[in-house]
Amino acid sequence: MARIEVPVQLRWSDMDAYAHVNNVEMLRLLEEARIEVFWRHPEGPDGVVPDGARATAVLDAGPGALTSTLVARQEIQYVRPLPYRRAPVVIELWIGHLGGASLDVCYEVRDAPTAVAGSEVYARATTTIVLVDSATGAPRRLTAQERAVWEPYVEEPVVIRRRA
(Lines give C-alpha, C1' and ligand atoms only; values in the text may rest on other atoms or scores of the structure.)
Protein backbone atom coordinates (compact mmCIF):
# COMPACT_ATOMS: atom_id res chain seq x y z
CA MET A 1 0.00 0.00 0.00
CA ALA A 2 1.26 3.46 -0.87
CA ARG A 3 0.04 5.79 1.83
CA ILE A 4 1.45 9.06 3.06
CA GLU A 5 1.83 9.74 6.77
CA VAL A 6 1.69 13.30 8.07
CA PRO A 7 2.27 14.04 11.76
CA VAL A 8 -0.02 16.88 12.88
CA GLN A 9 0.40 18.64 16.20
CA LEU A 10 -2.77 19.17 18.20
CA ARG A 11 -3.46 22.65 19.54
CA TRP A 12 -4.92 23.41 22.94
CA SER A 13 -7.76 25.23 21.18
CA ASP A 14 -8.72 22.00 19.33
CA MET A 15 -10.17 20.63 22.57
CA ASP A 16 -13.81 21.19 23.47
CA ALA A 17 -15.68 21.16 26.78
CA TYR A 18 -15.76 17.35 26.71
CA ALA A 19 -11.91 17.23 26.83
CA HIS A 20 -11.46 15.80 23.34
CA VAL A 21 -10.75 17.23 19.88
CA ASN A 22 -13.89 18.95 18.60
CA ASN A 23 -15.52 17.55 15.46
CA VAL A 24 -14.95 20.78 13.50
CA GLU A 25 -11.30 20.87 14.56
CA MET A 26 -10.89 17.28 13.33
CA LEU A 27 -11.78 18.50 9.82
CA ARG A 28 -9.17 21.24 10.18
CA LEU A 29 -6.54 18.63 11.06
CA LEU A 30 -7.45 16.76 7.86
CA GLU A 31 -7.12 20.02 5.91
CA GLU A 32 -3.63 20.65 7.34
CA ALA A 33 -2.49 17.19 6.25
CA ARG A 34 -4.10 17.56 2.80
CA ILE A 35 -2.37 20.90 2.19
CA GLU A 36 0.97 19.41 3.26
CA VAL A 37 0.56 16.52 0.82
CA PHE A 38 -0.88 18.22 -2.28
CA TRP A 39 0.15 21.89 -2.26
CA ARG A 40 3.57 22.81 -3.62
CA HIS A 41 5.91 24.42 -1.10
CA PRO A 42 6.85 27.94 -2.10
CA GLU A 43 10.42 28.38 -3.24
CA GLY A 44 12.72 30.37 -1.02
CA PRO A 45 14.28 33.64 -2.17
CA ASP A 46 17.15 31.62 -3.64
CA GLY A 47 14.72 29.58 -5.81
CA VAL A 48 15.24 26.40 -3.76
CA VAL A 49 12.31 24.30 -2.59
CA PRO A 50 12.62 23.65 1.17
CA ASP A 51 13.73 20.27 2.52
CA GLY A 52 10.86 17.98 3.36
CA ALA A 53 8.75 19.00 0.34
CA ARG A 54 6.68 16.02 -0.73
CA ALA A 55 6.80 14.61 -4.25
CA THR A 56 2.97 14.58 -4.26
CA ALA A 57 2.80 18.35 -3.62
CA VAL A 58 2.30 19.49 -7.21
CA LEU A 59 -0.54 22.01 -6.90
CA ASP A 60 0.33 25.70 -6.71
CA ALA A 61 -1.23 27.41 -3.73
CA GLY A 62 -2.02 30.89 -2.63
CA PRO A 63 -3.01 34.12 -4.34
CA GLY A 64 -2.46 34.12 -8.08
CA ALA A 65 -2.43 30.33 -8.45
CA LEU A 66 -3.87 29.12 -11.75
CA THR A 67 -5.78 26.32 -10.03
CA SER A 68 -8.05 26.43 -7.01
CA THR A 69 -9.06 23.35 -5.06
CA LEU A 70 -12.64 23.19 -3.88
CA VAL A 71 -14.08 20.73 -1.41
CA ALA A 72 -17.10 19.15 -3.09
CA ARG A 73 -17.89 16.62 -0.37
CA GLN A 74 -16.63 15.43 3.01
CA GLU A 75 -17.59 12.43 5.03
CA ILE A 76 -16.15 11.48 8.38
CA GLN A 77 -16.67 8.65 10.81
CA TYR A 78 -15.54 9.30 14.36
CA VAL A 79 -14.31 6.00 15.74
CA ARG A 80 -13.36 7.15 19.27
CA PRO A 81 -12.77 10.47 21.03
CA LEU A 82 -9.31 11.95 20.49
CA PRO A 83 -8.13 13.46 23.77
CA TYR A 84 -5.72 16.38 23.75
CA ARG A 85 -2.08 15.37 24.10
CA ARG A 86 1.30 16.86 23.26
CA ALA A 87 2.36 14.09 20.87
CA PRO A 88 1.22 14.63 17.28
CA VAL A 89 -1.42 12.45 15.73
CA VAL A 90 -0.59 10.70 12.48
CA ILE A 91 -2.88 11.37 9.56
CA GLU A 92 -2.51 8.71 6.93
CA LEU A 93 -3.62 9.78 3.44
CA TRP A 94 -4.17 7.99 0.15
CA ILE A 95 -6.29 8.50 -2.94
CA GLY A 96 -9.47 6.46 -3.20
CA HIS A 97 -10.34 7.66 -6.70
CA LEU A 98 -8.79 9.80 -9.44
CA GLY A 99 -11.47 11.27 -11.66
CA GLY A 100 -11.34 13.61 -14.62
CA ALA A 101 -11.30 16.85 -12.60
CA SER A 102 -11.52 15.50 -9.06
CA LEU A 103 -9.93 13.16 -6.58
CA ASP A 104 -11.12 11.46 -3.41
CA VAL A 105 -8.62 11.86 -0.60
CA CYS A 106 -8.94 9.19 2.09
CA TYR A 107 -7.69 9.53 5.66
CA GLU A 108 -7.19 7.67 8.90
CA VAL A 109 -6.39 9.71 12.01
CA ARG A 110 -4.42 7.59 14.44
CA ASP A 111 -1.61 7.34 16.95
CA ALA A 112 1.89 6.59 15.82
CA PRO A 113 2.45 2.87 16.35
CA THR A 114 4.82 1.92 19.14
CA ALA A 115 6.79 -1.22 19.85
CA VAL A 116 4.55 -1.90 22.85
CA ALA A 117 1.11 -1.02 21.47
CA GLY A 118 -0.61 -0.86 18.13
CA SER A 119 -2.08 2.25 16.64
CA GLU A 120 -5.49 3.52 17.81
CA VAL A 121 -7.71 4.89 15.02
CA TYR A 122 -9.77 7.95 15.98
CA ALA A 123 -11.43 8.84 12.66
CA ARG A 124 -11.76 7.79 9.03
CA ALA A 125 -12.72 10.27 6.34
CA THR A 126 -12.97 11.05 2.65
CA THR A 127 -12.80 14.45 0.96
CA THR A 128 -13.69 14.96 -2.68
CA ILE A 129 -11.54 17.75 -4.13
CA VAL A 130 -12.37 19.39 -7.46
CA LEU A 131 -9.63 21.18 -9.39
CA VAL A 132 -10.94 24.48 -10.71
CA ASP A 133 -9.46 26.95 -13.19
CA SER A 134 -9.04 30.10 -11.08
CA ALA A 135 -9.71 32.44 -14.02
CA THR A 136 -12.96 30.84 -15.22
CA GLY A 137 -14.25 29.12 -12.09
CA ALA A 138 -14.86 25.97 -14.15
CA PRO A 139 -13.55 22.53 -13.22
CA ARG A 140 -10.34 21.62 -15.03
CA ARG A 141 -8.98 18.20 -15.95
CA LEU A 142 -6.14 16.63 -14.01
CA THR A 143 -2.93 17.04 -15.96
CA ALA A 144 -0.85 14.07 -17.08
CA GLN A 145 1.84 15.13 -14.58
CA GLU A 146 -0.62 15.27 -11.64
CA ARG A 147 -2.08 11.90 -12.59
CA ALA A 148 1.39 10.32 -12.90
CA VAL A 149 2.48 11.68 -9.51
CA TRP A 150 -0.72 10.63 -7.71
CA GLU A 151 -1.46 7.23 -9.31
CA PRO A 152 0.98 5.32 -7.06
CA TYR A 153 -1.14 6.44 -4.07
CA VAL A 154 -4.45 5.13 -5.41
CA GLU A 155 -5.92 2.21 -3.51
CA GLU A 156 -9.27 1.06 -2.20
CA PRO A 157 -11.30 3.93 -0.72
CA VAL A 158 -11.72 4.26 3.02
CA VAL A 159 -14.60 2.20 4.37
CA ILE A 160 -17.05 4.25 6.41
CA ARG A 161 -19.67 2.32 8.34
CA ARG A 162 -23.25 2.93 7.31
CA ARG A 163 -26.39 2.47 9.33
CA ALA A 164 -28.72 -0.24 8.07
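Arg 110 stands opposite Val 121 in β5. I start there because strands, numbered from the N terminus, are DSSP runs of E of at least two residues, and helices are runs of H or I of at least four. This is a predicted model, in which local features need pLDDT of at least 70 and side-chain atom pairs count only at pLDDT 80 or more, while totals for chains, interfaces and linings use all residues. Residues are numbered from 1 along each chain as its sequence is written, and side-chain values use heavy atoms, with hydrogens and water left out.

Now the pairing around β5. Strand β4, residues 102-110, pairs with β5 in the antiparallel sense over 9 bridges; two strands count as paired if DSSP finds at least two bridges between them. β2 and β5 also run antiparallel, joined by 11 bridges, and Leu 70 stands opposite Val 130 in β5. Of the 13 residues of β5, 11 are buried, so the strand is largely enclosed by the rest of the structure. Buried means under 20% relative accessible area, exposed over 50%, and partly exposed in between, with a 1.4 Å probe and protein chains only.

On a 1 Å grid over the protein atoms alone, a cavity is a set of points where a 1.4 Å probe fits but cannot get out; a pocket is an open set with protein on both sides within 12 Å along at least five of seven lines, and lining residues have an atom within 4 Å of a point. The search finds 1 cavity of 30 Å³ or more in the whole structure. The largest cavity has a volume of about 40 Å³, and β3 gives the most to its lining, with 3 residues.

Last, the largest pocket, at about 170 Å³. Its lining has 13 residues, with Arg 34, Ile 35, Trp 39, Thr 69 and Ile 129 nearest the centre. α1, residues 23-38, supplies at least two of the lining residues, as do β2 and β5.

Note on methods: Grid points are joined across faces, edges and corners, and a volume is the space filled by probe spheres set on the points.
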